[in-house]
Amino acid sequence: MSKKLILGLVLVAVVIYLGINFGQHLTLENAKAQQVALSEYINENFVAAALTYFFAYIAITAFSVPALPWLPYLAQHCLAFGLVYCLFHLRVP
């Protein structure tokens, strides 16, 4: 057997295993709940969330991870919502 075939079979086995054991977590309701939890965390810890995103962006860019093409879109939305949040929620005395 070739190495590619073995790797493909292992990958399929891992996907099936994760689908069977973690299928209850892959629901729309769970995704919505996690989104609400993440939004609450960002609202409470805005600076920590921004720094975490910044350093994750640098790490992913440095290692050329395949998620790189999606990061500018995410950054654009985070920046837009972050500016709106800062303008309307952080009042300077």
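Phe55 counts as exposed because its relative accessible area is 52%, and the cut-offs are under 20% for buried, over 50% for exposed and partly exposed in between, using a 1.4 Å probe and protein chains only. Keep in mind that this is a predicted model, where local features need pLDDT of at least 70, side-chain atom pairs count only at pLDDT 80 or more, and totals for chains, interfaces and linings use all residues. Residues are numbered from 1 along each chain as its sequence is written, and side-chain values use heavy atoms, leaving out hydrogens and water.

**Aromatic pairs**

- How many aromatic pairs does the structure hold? There are two.
- In one of them, the ring centres of Tyr53 and Tyr57 sit 6.1 Å apart with 40° between the planes, so this pair is tilted.
- Here are the rules: rings of Phe, Tyr and Trp (its six-membered ring) pair if their centres lie within 6.5 Å, and planes under 30 degrees apart are stacked, over 60 edge-to-face and the rest tilted.
- Both tyrosines, Tyr53 and Tyr57, belong to helix H3 (residues 46-63), where they are four residues apart, about one turn of the helix.
- Tyr53 is partly exposed at 22% relative accessible area, and Tyr57 is partly exposed too, at 29%.
- Phe54 and Phe55 make an edge-to-face pair, with 5.3 Å from centre to centre and 70° between the planes.
- Phe54 comes out as partly exposed, with 45% relative accessibility.

**The chain as a whole**

- The chain has four helices and zero strands, counted as DSSP runs numbered from the N terminus (helices are H or I, at least four residues; strands are E, at least two).

**What the record says**

- An unreviewed UniProt entry annotates residues 6-24, 45-64 and 70-88 as "transmembrane region"; its positions follow the numbering used here, feature names are shortened, and annotations may be inferred rather than shown by experiment.
- Across residues 6-24, the chain is 84% helix and 0% strand, with 28 Å between the end C-alpha atoms.
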